[in-house]
Amino acid sequence: MSRVFINEWKRASNISTVIAIVGVMFCICFDSWNDLAGAMQSGNAVWCVYYFTSNSAFGGMCRNYILPVFAALPFATSLCEERNNKAVAYIASREGMRRYGTIKYIVNILMGGLVVAFGTVLLILLLRMRFPMTNDYYDTSVSDTADILHKWLAVYHPVRYCMTEAALGFMRGMIWSGVSMFVSLYLTDRLVITMFPFFGSYVVVRISQMLSLDADWRFDQILVGRTVIRDSAYTVMIAAIVSGILVFLIGVCFAKKLVRGLREGTFYESK
């Protein structure tokens, strides 16, 4: 199994991974692009790293809708490519149907999560070279550990804040990359599969708005770092449990559907 995992991991580690990491960084930046460009030119001390990350999390279109696409970019279309190349039958017979699907899914969600996590951390580190983590406004306005957008953590524990952003990004990347690979069971268009997280994010937001769900309890808001439940550590724990359950259920459905399709012969040829 380790040999199969290593081979799949090598396939996932390609130029698309680098593009995805850079894309994650730019998604967070673009939500405050004018402010960032002005701050880089002026060097005014009023700007800080937390402003750009929190502004993006609060309502940024790029972080909410476009960023999940980059989680699916490196490997979510691998099954689609193998179906189009008519290589599914050979690989499945060589590696075993269940092992083939399970390892492919695990590699996909790990790569999707790492892309978002690494892109987020790298951006914070690059911004930290130019700006302070927080400024006087946030230092004086912080109230308690349940501050929205993890403000308390950013002020008093910046390293833990960075780790929290990375952890939430990792969970979000896993979910959307897993969803995209699941969709590839039914679709063979690489563009549609890659862009599905964009449409999925929009649908989640619209349904939440139509149902008038409280933003403080919306899971999508927790994963972008907007909502804090009790404190940051508790929020990450809740997010990890829910994300783990979602990723596991998607993976089980993916593996069962893939094995059934391989046995029935519906995945041996592209549609």
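Reader: Let's start with helix α4 (residues 49-59) and α5. At roughly what angle do their axes cross?

Author: First, a caveat: this is a predicted model, where local features need pLDDT of at least 70, side-chain atom pairs count only at pLDDT 80 or more, and totals for chains, interfaces and linings use all residues. Residues are numbered from 1 along each chain as its sequence is written, and side-chain values use heavy atoms, with hydrogens and water left out. Helices (H or I, at least four residues) and strands (E, at least two) are DSSP runs, numbered from the N terminus. With axes fitted as lines to C-alpha atoms, for helices over the stretch in contact, and angles running from 0 to 180 degrees between N-to-C directions, the α4 and α5 axes come within 5 Å and cross at roughly 75 degrees.

Reader: What does that make α4 relative to α5?

Author: Angles under 35 degrees count as roughly parallel, over 145 as roughly antiparallel, 65 to 115 as roughly perpendicular and the rest as oblique. The α4/α5 crossing is at roughly 75 degrees, so α4 counts, relative to α5, as roughly perpendicular.

Reader: How many residues of each class are in the contact of α4 with α5?

Author: Thr53, Ser56, Ala57 and Gly59 on the α4 side meet Met61, Arg63 and Asn64 on the α5 side, where contact means heavy atoms within 4.5 Å. For classes, Ala, Val, Leu, Ile, Met, Phe, Trp, Tyr, Cys and Pro are nonpolar, Asp, Glu, Lys and Arg are charged, and the others, Gly among them, are polar. That gives two nonpolar, four polar and one charged.

Reader: Now helix α5 (residues 61-72) against helix α11 (residues 158-183): which handedness does the crossing have?

Author: These two pack at an angle of about 70 degrees, with axes 8 Å apart, and are therefore roughly perpendicular. A crossing is left-handed if the near helix is turned anticlockwise from the far one by less than a right angle, and right-handed if clockwise. By that rule, α5 and α11 cross in a way that is right-handed.

Reader: Which residues of α11 make the contact with α5?

Author: By class, this contact has six nonpolar, four polar and three charged residues. From α5 come Arg63, Asn64, Tyr65, Leu67, Pro68, Ala71 and Ala72, and they meet, on α11, Glu165, Arg172, Gly173, Trp176, Ser177 and Ser180.

Reader: At roughly what angle do α8 and helix α14 (residues 232-264) cross?

Author: α8 passes α14 in a right-handed crossing. Tyr100, Tyr105 and Ile109 are among the α8 residues involved, and Phe254, Leu258 and Leu262 are among those of α14. The axes come within 9 Å, and the angle is roughly 145 degrees.

Reader: Is Lys104 buried or exposed?

Author: Lys104 sits in helix α8. Leaving aside neighbours within four places in sequence, it contacts Glu8, Arg11, Phe75, Ser78, Leu79, Glu82 and Met181. Buried means under 20% relative accessible area, exposed over 50%, partly exposed in between (1.4 Å probe, protein chains only). With a relative accessible area of 0%, Lys104 is buried.

Reader: And Ser32: which residues is it in contact with, leaving aside neighbours within four places in sequence?

Author: Ser32 lies in the loop between α2 and α3 (33-42). At 3% relative accessibility it counts as buried. Its contacts beyond those neighbours are Phe52 and Asn55.

Reader: How far apart in space are Phe30 and Phe52, C-alpha to C-alpha?

Author: Phe30 belongs to helix α2 (residues 15-30) and is partly exposed, with a relative accessible area of 43%. Phe30 and Phe52 are 22 residues apart in sequence, but in space the distance is 9.5 Å.

Reader: Arg230 has a positive phi although it is not a glycine. What is the value?

Author: Arg230 is in the loop between α13 (219-223) and α14. Its relative accessible area is 56%, so it counts as exposed. Its phi is about 70 degrees.
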